[in-house]
Amino acid sequence: MTNGVVLWVGPSEVDGKVIVLLATCLVSPSDNTKTGPMVQLLIMLVDEPPHEAVKSGNDKSVCGDCPARGGPTWKNWCYVLVWQSVLKIWKAFKRGAYPKGDVSDLLASRWSIRGGAYANHSSVPFEENEKIFSALSDAGKKWTLYEHDWRNCDQRLAKWAMASCETIEDVREAISMGWRPYWACLPEDIRAAKEEALLECPFRLDDPTTPQCADCGLCNGKKEEDYRPGIFVPVHGASHKIKNYNKMRESLRVI
Ligand code: SF4
């Protein structure tokens, strides 16, 4: 079995540029303490290296208007190290290392699936997402998926994805629109998150008895008759990313 496949290539739903949806780590899983071993789904421009696309702003084709890209008064706080593993995967794709595959490759892998390991799934046509996540759901396979453009994207994606939120107002709006929210919040937001009945992500770095995403799978959207709460997690990652996140939140307060 190959370790990576091309799931789809076609025009971005954001701006029509040619993008690719890849699956990697089908055999050798990712080495990520928080998520645990998972297949990674990544979306990239076909004709521009991902780290260059971040600099040129062309990452909009796959990330839309996600606030983690950076904005008028804050820098990029996206936790994905685009110039490392994502670039390596893009280069492998360009030299033809990944054969054409489909959802059966995901089902055949022993690992859970991490959607959006890089970029936003609404940049891919809904029908392609539906093929993947309905098959995973039918097979009882675990996945995680977060959608940043939940206000504007095809609303059927709420079945498979969490709404990525930045503020308590986002959380309330997402719930009112039929999404389960996922809020990477500041320590001072925890009370508001609990008052909104969100559940704190159970993972603890210092406690090996707590579940990783691969086993937990709570962040998988909202099914019919699904009364599970949304999730909050105090913002984490490299210190300069947290600083940039704080600047973004600051800018929301002054708008
Ligand atoms: S709630 Fe579960 S799936 Fe969601 S981030 Fe936490 S460990 Fe991962």
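Predicted model: local features only at pLDDT ≥ 70, side-chain atom pairs only at ≥ 80, totals over all residues.
Helices and strands here are DSSP runs, a helix having at least four residues and a strand at least two, and they are numbered from the N terminus.

**The whole chain**

Let's zoom out for a moment. The chain's secondary structure comes to nine helices and 10 strands. Its C-alpha atoms fill a box of roughly 50 × 40 × 35 Å along the principal axes. Is that what a compact globule would look like, or what else would it be? A compact globule with 255 residues would have a radius of gyration near 18 Å, and the chain has 17 Å, so the two agree. Of the 255 residues, 42% count as buried. If you take the contacts between residues at least 6 apart in sequence, 69% of them join residues at least 24 apart.

**Back to Asn 120**

Which residues does Asn 120 touch, once its neighbours within four places in sequence are left aside? Its contacts are Val 62, Cys 63, Gly 64, Cys 66, Glu 147, His 148 and Asp 149. Take Asp 149: it is 29 residues from Asn 120 in sequence, yet their C-alpha atoms are 7.8 Å apart in space. Asn 120 counts as buried because it has 28 C-beta neighbours inside 10 Å, and the cut-off for that label is 20 or more.

**An open sheet**

Five strands form an open sheet with parallel pairing, and their order is E6-E7-E8-E10-E9. Strand E6 (146–147) and strand E9 (199–200) stand at the edges with a single partner strand each, so one side of each has no neighbour in the sheet. The partner of E9 is strand E10 (residues 231–234), and the two pair in the parallel sense over two bridges. In one of these pairings, Leu 199 has Ile 231 in E10 as its bridge partner.

**Around the ligand**

Ile 231 turns up again in the surroundings of the ligand, together with Thr 144, Cys 201, Pro 202, Phe 203, Pro 211, Cys 213, Cys 216, Gly 217, Leu 218 and Cys 219. How many residues of this shell are nonpolar, polar or charged? Nine are nonpolar, two are polar and none are charged.

**Helix H3**

An α-helix has 3.6 residues a turn, so residues three or four places apart point the same way. In helix H3 (residues 82–94), the buried residues include Val 82, Val 86, Ile 89 and Trp 90. The buried residues of H3 pack against E2, E3, helix H1 (50–56) and E4. Just after H3 comes Gly 96, with a positive phi of about 80°.

Most residues other than glycine have a negative phi. Here are two that go the other way:

| Residue | Phi | Location |
|---|---|---|
| Ala 197 | about 65° | loop between helix H7 (190–195) and E9 |

Are these residues buried or exposed? Cys 25 counts as buried because it has 24 C-beta neighbours inside 10 Å. Ala 197 is exposed, with 9 other C-beta atoms within 10 Å, and the limit for that label is 12 or fewer.

Methods:
Residues numbered from 1 in each chain as written. Pairing = 2+ DSSP bridges. Near = placed C-beta within 6 Å. Nonpolar A, V, L, I, M, F, W, Y, C, P; charged D, E, K, R; others polar. Contact = placed C-beta atoms within 7 Å. Rg over C-alpha atoms; globule rule 2.2 N^0.38 Å.
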